[in-house]
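Have the model open while you read.

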Amino acid sequence: MTTPKQSPELTPTLEELEAQERRLVFRQFTHEDAWALGSLLVELARERQAPVAVDIHRAGQQLFHAALPGSTPDNDAWIARKRRVVERYGSASYLVGARFRAKCTTFEESSRLDPDTYAAHGGSFPVTVEGAGVIGAVTVSGLPQLQDHRLVVEALEHFLSRA
């Protein structure tokens, strides 16, 4: 019997998280793509009755935002803090936090960044375009951090499989 690479109970390894980033790359990312990806995230969240807010930014511009029932203004603040981590490090906010934890420390203790401005908690994932690199971020807030991360990854996998 083989062990699944990722199950809901298991925390993904750094290698698994890095592999997600290498795999989930766009050929292009348009306003229409942002709308379709954001709408897909909203659909997935509604199916699960997840009280989340969803946000997509590209090059400093908000292209998509939705707040589902049960989400609060705090979710928007978390989105901004997690997105800033992606913008600064060029990696998923969950991966950045995991890298600090792998060094037996925390982002808050060792990054020297204001925790009111930056949060290396799961839920923000880089929008990476072939040949251009990281151009934005797709972010979810409202669930525990690993669930936020997994919701974004699931939506990206589904979206990119259709492209």
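Q: Which residue in β2 does H57 stand opposite?
A: This is a predicted model, where local features need pLDDT of at least 70, side-chain atom pairs count only at pLDDT 80 or more, and totals for chains, interfaces and linings use all residues. Residues are numbered from 1 along each chain as its sequence is written, and side-chain values use heavy atoms, with hydrogens and water left out. Strand β1 (residues 53-58) pairs with β2 in the antiparallel sense over six bridges; strands here are DSSP E runs of at least two residues, helices are H or I runs of at least four, both numbered from the N terminus, and pairing takes at least two DSSP bridges. In β2, H57 faces Q62.

Q: In what order do the four strands form the open sheet?
A: The edge strands, each pairing on one side only, are β2 (61-67) and β3 (124-129). The pairing is antiparallel, and the order is β2-β1-β4-β3.

Q: What is the bridge partner of S124 in β4?
A: β3 and β4 are joined in the antiparallel sense by six bridges. Their hairpin has three residues between the strands, with G131 at a positive phi near 80 degrees. Across in β4, S124 is partnered by T139.

Q: Is L17 buried or exposed?
A: L17 sits in helix α1 (residues 14-23). Neighbours within four places in sequence aside, L17 is in contact (heavy atoms within 4.5 Å) with P12, Y94, L95, A98 and H149. The cut-offs are under 20% relative accessible area for buried, over 50% for exposed and partly exposed in between, with a 1.4 Å probe and protein chains only. Because its relative accessibility is 1%, L17 counts as buried.

Q: Are α2 and α6 parallel or oblique to each other?
A: The axes of α2 and helix α6 (residues 145-162) come within 10 Å and cross at roughly 130 degrees; axes are lines fitted to C-alpha atoms, for helices over the stretch in contact, with angles from 0 to 180 degrees between N-to-C directions. Under 35 degrees is roughly parallel, over 145 roughly antiparallel, 65 to 115 roughly perpendicular, and the rest oblique. So α2 and α6 are oblique.

Q: Which strands does helix α2 lie across?
A: Helix α2 spans residues 31-47 and runs at about 20 degrees to β2. The strands that α2 lies across are β1, β2 and β4 (133-141).
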